[in-house]
Amino acid sequence: MKAPRVTLEQWRVLQSVVDKGGFAQAAEALHKSQSSVSYTVAKLQEQLGYPLLSIEGRKAQLTERGEVLLRRSRHLLKEAVELEQLAHTLGQGWEPELELVVDQVFPTPALLRALKAFEPQSQGTQVQLREVVLSGGTEALNLGNPDLVLSSIVPKGYLADPIVEVEMMAVASPDHLLFQEEGPINNERLSRELQLVIRDSALEGLSGCRLAWH
């Protein structure tokens, strides 16, 4: 890969000249001499082979090419800062990535609130979210090494902390024949209705959850 001739510092100086409105203002903001700022921008233009700024009165204005490159350079500097922050974070022991396995029965609003609260504290850590059904969380623990599993099933050899109670409710359309039944409705009665089956996401899972459908 060819090494870039233009440095991040040159792009930073150019941005400051544009944002502050001139070489003198940029020099003051960057704590540099005006001659140093002028030389940096001149060197940048020389390396590129065309002007990026035009002087109108006392103010430096971007050329058409300069506007395009300035926009790209802002992204470049932002990514460079984020890269340094990530390097610092990793040096402090933060994980670059967390694998989160969540049972689909877990309340989505609560999960989204937790992820939103984690984001400003994440220090650049990425969260890989995977949804599972029934014993899929157990299989994830057995086959891999997820950092956190939210599941209603606690496999043998693992400890768990309760964090939320999920109430399951049977529902049906108001005009369903089940509403005409008197007394409790058992599984034998439900077996005569059309059913949808939610299969276990685990490769070895044989269980399922049956739902009456009308």
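Buried means under 20% relative accessible area, exposed over 50%, and partly exposed in between (1.4 Å probe, protein chains only).

This is a predicted model: local features need pLDDT of at least 70, side-chain atom pairs count only at pLDDT 80 or more, and totals for chains, interfaces and linings use all residues. Residues are numbered from 1 along each chain as its sequence is written, and side-chain values use heavy atoms, without hydrogens and water.

L134 sits in the loop between β4 (126-132) and α6 (136-143). Helices (H or I, at least four residues) and strands (E, at least two) are DSSP runs, numbered from the N terminus. Phi of L134 is near 55°, a positive value in a residue other than glycine. H31 also has a positive phi, near 60°. H31 belongs to the loop between α2 and α3 and is exposed, at 74% relative accessible area.

The largest nonpolar core has 17 residues, and L14, V17, F23, V37 and L53 touch the most other members. Such a core is a set of buried Ala, Val, Leu, Ile, Met, Phe, Trp, Tyr and Cys residues joined through side-chain atoms within 4.5 Å. At least two of its residues come from each of α1 (8-20), α2 (23-30), α3 (34-48) and β2 (59-62). A second, separate core of 5 residues includes L100, V102, F106 and L111.
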